[in-house]
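This report is meant to be read alongside the sequence and the 3D view.

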Amino acid sequence: MKVNKNIIVGICIITFFVFYLLLINNTNSYAKKKSIEATYVGSETCKECHEDTFNKFKSTIHGRIADFEAKGQVLGCEACHGPGSVHVEEQDPEKIVSLKKLTPQESSKICLNCHREEPQIAWPSSTHALSGISCTDCHDPHQTRGKFLLKSKDPKLCFQCHREKIASMNYPSHHPIKEKKMKCSSCHDTHGTFRANLRAETINELCFSCHAEKQGPFTYEHAPVVENCLLCHDSHGTIANNLLKQNQPFLCMQCHPGHEDHYHPAVTNPEWRISFYTKCTQCHSQIHGSDFPSLSGHGRFTR
Amino acid sequence: MSKKITIISFLILFVWMINPLLANSDNLVLFKNELAKKFSLAEKESKSQNKSEFSYYIAPRYRFLASKKEDLPILVSGLSGGRVAEYQTVESSPGADFYIKGSFGKRNYLDLSGSFIHSDEQKYYANLDIGRVVRNTTYFNRFIHRLDHDPLTNVEDYHEFVFVDSNPTDEYITRRTEIRNRTELVIPDFPQVKFKANVRYIIEKGHQQARTLDQCFVCHIDAQTQEIDQRTMEFILGTEVNVKPVTISYSFMSRRFDDRATPLTHVYTGLPWFAYLGEQEFAHIPDSDKTAHNVKARVKVLNEAHLFGSYTVASVKNKHNDGKLDLKNFLSRLSANLIKGLRIAVNYQKEKYDNHIENTISRDTSIGVVDLFYHIPKQKINLRGKFEWQKVKRSHFEIEETKKYITYLSASFYPSSKFNGYIRYKRKDINNPFAMLEDESPLEPTQELLMTNLYTDVNEVICGLNLTPTSRFSLGGNLFWKSGKNEDINSKENTYNFIINMWIAPTNKLNLTASYGFLDSEIKNNLIYGTDYGYAMGDEDVPYNRKANTFLISLNFNPIEKLSFLVDFSITKGKSNFDSSDIAPDIAELTDLDITHTRLSGGFSYSLTKNMAFIAKYKYENYKDTAWVPEYNGKFHIIYFGFGWKF
């Protein structure tokens, strides 16, 4: 792979420019908020007033963390809410960290203090983070039901923001999300490792992880198949069958002229035209690629 | 590539080195005074955690299919889309849901749950955590997918063809079983290092229709029943090192795909100069192997600055033709706060797709993104602007270079907890989009022919509002508009999509959710077709129209403490058609779609005792396409009865 030197130089300049700005702007509101002089009091103290929350928390994954996982760190309620002595003494809800009152970035930062590894490894530069979404918009650390401390189940949780997908999941052709055989997270990593929050580096690699029979590489390839599955398909649901963007033959004829056969009256006889102009994949059935040539000796995907 | 890796490595090293110098970390401010005081909930609880605490639930039931056999063709769409019970079994059968959840010993935890509906429809999940040292998760998921069966109605009256299909009602189904197991191991003395082993095994078994084309004086389509017996086995072994401020992970993936079905053959007849004659294999699915190495790294420069990189080297081999392709993907991102509230992310991605099979496409893709996010706390507004640049260079393909420029702007606002909204705009300018390009047009042999379904200019707007005037009522809506045009070929698209949601809870005992979605889309493109006199193009761009209406309603009602009702209803009407009058006058009835899919499920649960409930449920689906052959429509009624115990 050839490296474009200009791009590398550009990246370096931007990087060092950013570092410079960081040095001169190393302040944030969260740090100021945390300058309250308080000390840690322990989760048992929290229990005295917040018994329900304490009992719920105890049975969550956070309540089961082992000492070796968080060496040198505070565990329990104050791991996220900060030292609580002033809050306890003054009984003032303002004197403790409430994630609800922080900006999305500030509240996510508390979570990222521990969750640095996969799948959160790329969270700070993810689409969700850059859209003002925080961890607690989807996760409830006190949640005891369900998996991954989610506020509600996938896909219901995703549909709260991505409403347009509610309708497309109900179109006649769809992946089995409505039937609870798949979830949005089967394809998307909401923490944003790769582009478009995909679980693979590219769209095709994602599709091939389940549809491996279409990955080839074939001797006779269909160009749009290797370019991008989404040239013909819309994975979120369509009216046309097989998640095709449009029904055949319209979809195919946008890129290919229809038949004009010199050997028989295919184009003159209206009945024959029905055969040739209804559904291209009746004959070109191996449309995703084939290792066999067609009768002409070329790859026409008929075999 | 090696230069790039070196530069990025130095960058990471540099950042790591200077990090302590810059580490005026508010994180340290937060914890510096009390690190020694470890009031650990886990510590205090550890003694009491030696006892076992489990909760159990089991709900056995029986499912009755209440439909007549003739109501259940459940087949196939052929040319049309959708089908009733596409991913569901509908036979009468016993079943059960269950879970076992709880802790045992010191910090050990088990979560086991499952749902058995039918031998072809079952799902299980198991999560075992042994002292936070070994964490193992296993998923098992099996479901069916009813596949296409093309009745070839459009050709049977006019062509001689061989048709050896089985009964599609029973046979054209694939049963998909997926088993996934993920194991994580942490050595307590070295908690910074995590080892991972993932296994994924997919079995697809069933039958599908396979077709091939033979040719003599007329065309023949041979449709045969093809056995499906495909296995995908995937292993991932990896490790992750997490030493502040750096996280590095490495994984190796091996995926093997095997098709174990008996190959199909057909005796090809024809003229002597055809490429092959006699008995030959067709519809072959090649076995393949894929291996991939992936390294990901993130370094935290300051509290708000992160550098992330990912590098993947993969190789795919087709074991039938020995064809091989190599994939390389490099991704880097830097995100940081420029000034208070203003965040920047700079992305760069390079992908190399190198196919070693003769005359196949290889591709180099470069992508650069600058993303700015500005949060205004007082006005409670988020602003985002993004510019993306993409370049794709291809070999062995007529469109050698494509460039894309994507601009994205968005604003979201939440002035109060009762009101929020957003608006997003995206513009794409594309030079030479992926297309079919031939040296000679059949219409004008002296000119090139360019055909594509992609656009050179795309504008998209999506906006939404949410209102929550009271704690018992909320209303939200989204509007999406897309306009696309390709000036090179004079094609265009206009799409509108609107969805509105409402949630209302008039009392504590009743809540209702309703959604309505509307889609209206028109695409116009040039279609070239054969005539008596050679090729022709329609006088005007041929329009393709799509319309869809979706209505969903869900109701929860608990009239008394012991009794709860749940009802879900949805109806989707989808229509699509195109003006084929110039191309072939009679194909409209074979390609147009006018589908109505209705689903209703309702049931109740009545608590007989504190731990036991009686559960009943009714489910109905009806799929109807009035534009396609009516005998493919289907409906079913299913009734469930069962009990649930919780203890």
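Two strands are said to pair if DSSP finds at least two bridges between them, and the helices (H or I, at least four residues) and strands (E, at least two) are themselves DSSP runs, numbered from the N terminus. The model is predicted: local features need a pLDDT of at least 70, side-chain atom pairs count only at pLDDT 80 or more, and totals for chains, interfaces and linings use all residues. Residues are numbered from 1 along each chain as its sequence is written, while chains are lettered from A and ligands numbered from 1 in the order in which they are written.

**The two chains**

The table sets the chains side by side; a residue is buried if 20 or more other C-beta atoms lie within 10 Å of its own, exposed if 12 or fewer, and partly exposed in between, with C-beta atoms placed from the backbone.

| Chain | Elements | Buried residues |
|---|---|---|
| Chain A | 14 helices and zero strands | 46% of the 303 residues |
| Chain B | six helices and 33 strands | 31% of the 647 residues |

Two residues are in contact if their C-beta atoms, placed from the backbone, lie within 7 Å. Among contacts between residues at least 6 apart in sequence, 52% in chain A join residues at least 24 apart, and in chain B 60% do.

For chain A, the domain assignment, which is automatic or taken from a database, gives domain 1 (101-199) and domain 2 (212-282). The C-alpha centres of domain 1 and domain 2 of chain A lie 35 Å apart, and eight residues of domain 1 of chain A are in contact with nine residues of domain 2 of chain A.

**Confidence**

The predictor gives the complex an ipTM of 0.89 and a pTM of 0.89. In chain B, pLDDT, the predictor's confidence in each residue from 0 to 100, averages 85, and 85% of the residues score at least 70. Within chain B, helix α2 (residues 26-31) has the lowest confidence, at a mean of 40, and strand β10 (residues 246-259) the highest, at 96. Residues 12-48 of chain B stay under 50, although the model has 60 contacts for them beyond four places in sequence. Where pLDDT is low, the predicted coordinates should not be read in detail.

**Where the chains meet**

How many residues of chain A are in contact with chain B? There are 123 of them, and they touch 170 residues of chain B. On the side of chain A that touches chain B, α1(A) gives the most, with nine residues. By class, that side has 53 nonpolar, 43 polar and 27 charged residues, where Ala, Val, Leu, Ile, Met, Phe, Trp, Tyr, Cys and Pro count as nonpolar, Asp, Glu, Lys and Arg as charged, and the others, Gly among them, as polar.

A nonpolar core is a set of buried Ala, Val, Leu, Ile, Met, Phe, Trp, Tyr and Cys residues joined through C-beta atoms within 7 Å. The largest such core has 28 residues, and those touching the most other members include A:Phe250, A:Tyr277, B:Leu527 and B:Tyr529. To this core α13 and α14 of chain A and β29 (542-560) of chain B each supply at least two residues, and α13(A) gives the most, with four residues. Another core, of 21 residues, lies apart from it, with A:Ile11, B:Val299, B:Leu302 and B:Phe373 among its members.

Strand β15 (residues 324-339) of chain B holds B:Leu331, which counts as buried because it has 21 C-beta neighbours inside 10 Å. Leaving aside neighbours within four places in sequence, B:Leu331 is in contact with A:Phe194, B:Gly309, B:Ser310 and B:Gln349. From C-alpha to C-alpha, B:Leu331 and B:Ile367 are 9.1 Å apart in space, while 36 residues separate them in sequence.

Strands β15(B) and β16(B) run antiparallel and are joined by 14 bridges; B:Arg333 has B:Asn347 in β16(B) as its bridge partner. In their hairpin, which has two residues between the strands, B:Gly341 takes a positive phi near 90 degrees.

Strand β16 (residues 342-355) of chain B is largely enclosed by the rest of the structure, because 11 of its 14 residues are buried. On to strand β17 (residues 362-376) of chain B, β16(B) has 12 bridges, and the two run antiparallel; the bridge partner of B:Glu351 in β17(B) is B:Thr365. The hairpin of β16(B) and β17(B) has six residues between the strands, and in it B:Asn359 takes a positive phi near 60 degrees.
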